[in-house]
Amino acid sequence: MMGALNQYLELFDNSRHDIDNGSAGAMNRLRHDARAALEGRRLPDTGDEGFEKTSIEAMFAPDLGLNINRVALPCDIASAFKCGVPNVSSLLAIMVNDTFVPSATLLNNLPDGITVMSLARAAAERPEEIDRHYGTAASLDAPGTALNTMLAQDGIYIHVDRGIKLDRPLQLVNLTSTPVPMLIPRRVLIVLEEGASLSVLTCDHTMKDSASAVSSQVIEILAGPGSSLNVCDIEESAPDQSRYSQTYVTMHDGADVSIGGMTLHCGTTRNEYSVDIRGQHCQCHLGGMAIGSGKQHIDNSSDVIHSAPHSDSRQLFKYVLDDEAHGAFEGSIVVTPDAPYTQAYQSDRNILASANARMHTKPQLLIYNDEVKCSHGATTGQLDEQALFYMQTRGIPRQQARMMLMQAFMAEVIDTVRVDAVRDRLRYLVERRLAGFDASCNDCSTCHTQQ
Amino acid sequence: MNELLKVSNLHASIGDKEILKGINLTIKPGEVHAIMGPNGSGKSTLSSVLAGNPTFTVTEGEVSFHGLDLLSLSPEDRSHEGLFLSFQYPVEIPGVSMVNFMRAAVNAKLKYFNKPPMPANEFLKLMREKRAIVELDNKLASRSVNEGFSGGEKKRNEIFQMAVLEPCLSILDETDSGLDIDALRIVAEGVNKLKTPDNATIVITHYQRLLDYIKPDVVHILYKGRIVYTGGPELALELEEKGYDWIKNQADNIGKEA
């Protein structure tokens, strides 16, 4: 067997003991199934079904290091980092590369009934809980997920007890900081028991002077009956970074899950969302925003499966691509025969702001049921020249007018973010991004220079 | 030199098609000029070219705007220098609120003249004052630019913007089209309130009706890309009575003789 996967299989076979030593319990047990699932497989390549424009093979091909022996990074990286999202900072969890950074502040501020901790530690200390949930939503049939499962040694475990509602957003910061090119496998497990409620803001940052890295992220979300989850995931990495993120959501009766993936700065990014709506009367919102410039490559893929009646799903993805940026969107809705009275909508709208930007889009809808309301659609166009001229005649410089139109175009996605403080912050970051500033907040750049 | 605008031998095309075929026009401060003419004569093209619409290419001629070479300026700089075009079809801009739109416009002009942005309270006061001139509903301020505005509201919004930007030359491109009689009166009164001895207005219209409200000093007739006739206010009345045919015949005959 050839290809990028080979080096990781070899590494795993040679370092199995060390990998297990750096992790615990269920994480270790499942990695052997994952190894078996990868036998005879290869990573998806450009042109493969569902991967028309993005090669996972190429992303993982470089000779990347792994922090198998859990070498500790200088802890001041995390402590120096302050991300200024107002009113949320009291609940801040940080991962540096693939390692959860314990924080006394977080621990002291967490209300009863809510767990936020290292996944490896949880696997060791709360084995029954992790055994019950880990790997139940993610599919080892997907080579990227199997690879992550085989190699991931740590991540974040979030658990919200029955009926507990967190009153402010939890912020998860993923920091990439590595002196050599590295593969960063990271695992996130979010479990909401019946009636639990949680809002999460995630942001990816690359520390100044970091070498290129590939982050492999698998997020499992188990939304219990009547639970509610809002996730806003903002990527603000750097042009030499790659990200392969796979999110798996399982929804039970009456669950309400809203996820927004916002790509502001990146190198090559592929985000996959697989939502399994098993319950009745569920609400699922998937939102995505991609702002690409330079040679950024942003690919979002969604797969929403309705397998129970009376649930709704809505998807809205919007891209603005400038310079030579490339975007791709492949989305599908599947309504099974068991899911009458489904309402499912999908919309992908894109603006190409330069002649060399490219967009590939493929909206799909598979309905095996007559009692449904569904729609899907995709449009790709340019900024409205008439509107630009109109604004110019009122004295607004063309560059600013372009920015205002792009911001207006994204307003619809920004408005899907339900937490006020996060939405305002995102609006500000998008404005700065479009104005050509670094999207990072002031505090981040301060800490970048502190390094 | 007491000329606000001097257009000399202006030719402009869209693609291979020449639309303006040598326009000459001089406007002094304090004057109101009406430009009339049949459909397709080039009236809207003239206003677009003066405002800097990139759809049209100027192939020949010069335009001097209070001493500046107008054609060398970007549309935004033409605006800063005091040119205003009221659009025949104001453009809807979903997602951009009227307030943000106007704040951007006002502050861009201040920046052009190296002045600091207008403080928020001053800006809101300015909006309030200017809205009153055209009786524009406060509710429209929070809406997206022209989105969901009625035909009358769109035209009043144009005059509101004109009031805010205080141009020295306003071009009203068929501001009367799509207006009922009350809206027409409000818009025309707005324009008259903004008139000073230092600014000038070009009123482009098909009909005499608007000129009952906005009294022109000079009336031009544009036909086949040229100004073929210039007269006083009585010319508009004559057109209303006789139609355009006599002008067309006269102009076409001159064309043949030449």
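Why are H10(A) and H11(A) described as roughly antiparallel to each other? This is a predicted model, in which local features need pLDDT of at least 70 and side-chain atom pairs count only at pLDDT 80 or more, while totals for chains, interfaces and linings use all residues. Residues are numbered from 1 along each chain as its sequence is written, and chains are lettered from A and ligands numbered from 1 in the order in which they are written.

Two packed helices are described by the angle between their axes and the distance between the axes. In chain A, helix H10 (residues 398–414) and helix H11 (residues 420–434) have axes that come within 10 Å and cross at roughly 150°. Helices here are DSSP runs of H or I with at least four residues, strands are runs of E with at least two, and both are numbered from the N terminus. Axes are lines fitted to C-alpha atoms, for helices over the stretch in contact, and angles run from 0 to 180 degrees between N-to-C directions. Angles over 145 degrees count as roughly antiparallel, and H10(A) and H11(A) are therefore roughly antiparallel to each other. From H10(A), the contact draws on A:Met403, A:Met406, A:Gln407, A:Met410 and A:Ile414; among its partners in H11(A) are A:Leu426, A:Val430 and A:Leu434. Residues are in contact if their C-beta atoms, placed from the backbone, lie within 7 Å.

Elsewhere in chain A, helix H8 (residues 143–151) is mostly covered, with 8 of its 9 residues buried. A buried residue has 20 or more other C-beta atoms within 10 Å of its own, with C-beta atoms placed from the backbone. A:Gly144, A:Leu147 and A:Leu151 are among the buried residues of H8(A). Their cover includes helix H1 (4–21), helix H2 (25–38) and strand S6 (182–192) of chain A.

Chain B contains an open sheet of 4 strands in the order S2-S1-S4-S5, with antiparallel pairing. Strands pair if DSSP finds at least two bridges between them. The edge strands, S2 (17–27) and S5 (68–69) of chain B, each pair on one side only. Strand S1 (residues 5–14) of chain B and S2(B) are joined in the antiparallel sense over 8 bridges, and B:Ala12 stands opposite B:Leu20 in S2(B). Helix H1 (residues 43–51) of chain B packs on the sheet, touching S1, S2 and strand S4 (57–65) of chain B; its direction makes about 75° with that of S2(B).

The two chains also meet: the contact takes 19 residues from chain B and 16 residues from chain A.

How values were computed
Angles under 35 degrees count as roughly parallel, over 145 as roughly antiparallel, 65 to 115 as roughly perpendicular and the rest as oblique. A residue is buried if 20 or more other C-beta atoms lie within 10 Å of its own, exposed if 12 or fewer, and partly exposed in between; C-beta atoms are placed from the backbone.
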